[in-house]
Amino acid sequence: MKILMRADTHVSFSVPIDEPKAKCTYSQVLAALSVSLGSLVVGFASAYTSPALVSMTNTTLTSFVVTPQAASWVGGIMPLAGLAGGIAGGPFIEYLGRRNTILATAVPFIISWLLIACAVNVVMVLCGRFLAGFCVGIASLSLPVYLGETVQPEVRGTLGLLPTAFGNIGILLCFVAGTYMDWSMLAFLGGTLPVPFLILMFLIPETPRWYVSRGREERARKALVWLRGKEADVEPELKGLMRSQADADRQATQNTMLELLKRSNLKPLSISLGLMFFQQLSGINAVIFYTVQIFQDAGSTIDGNVCTIIVGVVNFMATFIATLLIDRAGRKILLYVSNVAMILTLFVLGGFFYCKSTGMDTSNVGWLPLSCFVVYILGFSLGFGPIPWLMMGEILPAKIRGSAASVATAFNWSCTFVVTKSFQDMIDFMGAHGAFWMFGAICFVGLFFVIIYVPETQGKTLEDIERKMMGRVRRMSSVANIKPLSFNM
């Protein structure tokens with residue numbers, strides 16, 4: 001069966017084996033680097049409230065009063081705006097194009113940071129955070145779609161994780177700078193980050209797949225030549241894209257919602273939504289947003305700000321480890337490792353807080369919270385942090401990729417908002433130990449979700465993945481029917 005499948009995929013893809021890879025790789029690395037600088041801006045924006053709220057709520061450093069309720073909204077409004085951005089981003093990437101949509105977020109990002117930096121009241125801060133969150137929502141769906149459609153399968157995992165790696169650099173930069181700067185200076189720093197991103201985005205092309213979807217064959221050819229190198233024969237890949245688009249057009253309906261609800265499309269969409277659900281319900285944003293507070297509540301012997309920086313460094317390093325491993329080990333193996341690490345650490349962390357709540361002396365294990373956090377962040381960043389976004393750009397069918405990515409991104413930000421805003425309520429209701437145990441139990445369920453439903457996409461072309469997910473391989477040979485259409489690709 002594999003021989004039959006490969007015979008088909010060779011027709012639709014791509015760069016011949018004997019083509020020189022240097023030029024091709026350089027262009028794709030430049031494209032990945034350009035969009036990843038946008039992810040650095042996203043990471044900085046996501047982490048901003050953790051160090052900034054400390055000085056923002058200090059009446060001696062801020063000319064206006066920030067109440068605890070207002071402070072919670074400064075942190076909570078960004079995921080809410082990200083939800084709105086995720087909904088808007090789907091139509092944007094379909095009609096404006098992937099590159100133009102990413103490019104269009106740069107100037108609003110700068111404006112949002114200037115609004116915060118020059119704020120004279122809480123309303124200006126909230127408006128800046130909302131605008132930043134809206135751009136974050138758009139960027140978080142358009143970046144993986146762009147990379148999924150431009151990078152070759154052999155390096156799609158490695159280069160596809162660059163946005164996550166740069167996002168973690170943004171988080172770490174914010175944590176480190178936040179120990180030396182107040183909220184206003186930190187916002188001014190944030191306003192400088194979109195500038196190199198804006199410049200580099202002008203150097204890269206739109207995705208060939210988007211050009212094909214708009215019937216612009218010559219522009220698609222030029223984009224492929226830029227991405228694959230001038231000496232590469234791009235005609236087989238271009239013909240494969242056109243054939244895939246024609247196949248999708250034949251089966252398409254005019255109604256986008258009906259298209260999403262087709263049984264063949266529901267399968268990949270459901271997998272993407274499931275990955276987003278388990279990513280956020282692992283409690284990661286509650287951990288990131290409340291790191292300092294959690295360490296203070298744990299009575300840790302290490303300064304909370306130092307712990308935050310350590311967590312940021314681990315997050316940064318783990319993503320680079322994942323970048324090295326993902327095209328060698330595959331997606332599912334990293335998701336397994338990620339899940340097991342989070343389950344163990346969340347239950348141990350819950351046990352620590354339970355012992356503390358019962359009055360047991362925990363002073364001799366004051367190092368335990370930081371150790372658990374390090375392993376938890378390491379596990380999350382190896383798998384469930386980057387892979388749901390990477391796979392969103394891989395498994396969603398081309399015809400519904402924009403609208404489906406919009407739904408998945410909006411769902412992700414909805415989960416983020418719920419977890420972030422309700423985390424303190426969870427602690428009040430069930431204690432810190434109960435909250436961590438609940439997140440651990442959800443991760444346990446997520447492990448079985450990955451085992452049963454999530455496909456392995458390592459080294460496969462997008463056309464190959466789509467044919468398998470849509471069930472079209474059944475027509476290739478009766479032998480193909482021997483293997484069930486579960487997601488073990």
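Phe417 is buried, with a relative accessible area of 18%. Buried means under 20% relative accessible area, exposed means over 50%, and partly exposed lies in between (1.4 Å probe, protein chains only). This is a predicted model, in which local features need pLDDT of at least 70 and side-chain atom pairs count only at pLDDT 80 or more, while totals for chains, interfaces and linings use all residues. Residues are numbered from 1 along each chain as its sequence is written, and side-chain values use heavy atoms, with hydrogens and water left out.

## The chain as a whole

The protein chain has 24 helices and 0 strands. Helices (H or I, at least four residues) and strands (E, at least two) are DSSP runs, numbered from the N terminus. Of the 489 residues in the protein chain, 60% count as buried. Contact means heavy atoms within 4.5 Å. Take the contacts with a separation of 6 or more: residues 24 or more positions apart account for 83% of them.

## Aromatic pairs

How many aromatic pairs does the structure hold? There are 15. Rings of Phe, Tyr and Trp (its six-membered ring) pair if their centres lie within 6.5 Å; planes under 30 degrees apart count as stacked, over 60 as edge-to-face and the rest as tilted.

Phe64 and Trp183 form an edge-to-face pair, with 5.7 Å centre to centre and 70 degrees between the planes. The pair links distant parts of the chain, 119 residues apart. Phe64 sits in the loop between α3 (49-56) and α4 (68-95), and Trp183 in helix α10 (residues 183-192). Both Phe64 and Trp183 are buried.

The rings of Trp73 and Phe417 are tilted, because their centres are 6.3 Å apart and their planes are at 35 degrees. This pair also joins distant parts of the chain: Trp73 is in helix α4 and Phe417 in helix α23 (residues 401-453), 344 residues apart. Trp73 counts as partly exposed, at 32% relative accessibility.

Some rings gather in a group. Phe277, Phe278, Phe411, Phe449 and Tyr453 form one aromatic cluster.

## Helices

Which residue marks the bend in α23? The helix bends by about 115 degrees at Met430. The bend at a residue is the angle between axes fitted to the seven residues ending there and the seven starting there. α23 has 53 residues, yet its end C-alpha atoms are only 20 Å apart. A straight helix would reach 78 Å at 1.5 Å a residue. That expected span is 1.5 Å times one less than the number of residues.

Now look at a packed pair. The axes of helix α6 (residues 106-117) and α11 come within 9 Å and cross at roughly 170 degrees. That makes α6 roughly antiparallel to α11. Axes are lines fitted to C-alpha atoms, for helices over the stretch in contact, and angles run from 0 to 180 degrees between N-to-C directions. Angles over 145 degrees count as roughly antiparallel, under 35 as roughly parallel, 65 to 115 as roughly perpendicular and the rest as oblique. On the α6 side, Ala106, Phe109 and Ile110 make the contact. On the α11 side, Pro194, Val195, Phe197 and Leu198 make it.

Helix α3 is mostly covered, with 7 of its 8 residues buried. Among them are Thr49, Pro51 and Leu53.

| Residue | Relative accessible area | Class |
|---|---|---|
| Ser140 | 11% | buried |
| Gln458 | 26% | partly exposed |
| Leu33 | 32% | partly exposed |
| Phe202 | 53% | exposed |

The contacts below leave aside neighbours within four places in sequence.

Ser140 lies in helix α7 (residues 122-150). Ser140 is in contact with Trp389, Met392, Thr409 and Trp413.

Gln458 is found in the loop between α23 and α24 (462-470). Its contacts are Ile326, Asp327, Arg328, Ala329, Gly330 and Arg331. The C-alpha atoms of Gln458 and Val155 are separated by 9.4 Å, though the two residues are 303 residues apart along the chain.

Leu33 belongs to helix α2 (residues 21-47). Leu33 is in contact with Leu162 and Phe166. From Leu33 to Phe197 is 164 residues in sequence and 9.1 Å in space, C-alpha to C-alpha.

Phe202 is in the loop between α11 (194-201) and α12 (208-213). Phe202 is in contact with Arg99 and Leu103. Phe202 and Ser34 are 168 residues apart in sequence, but 9.1 Å apart in space, C-alpha to C-alpha.
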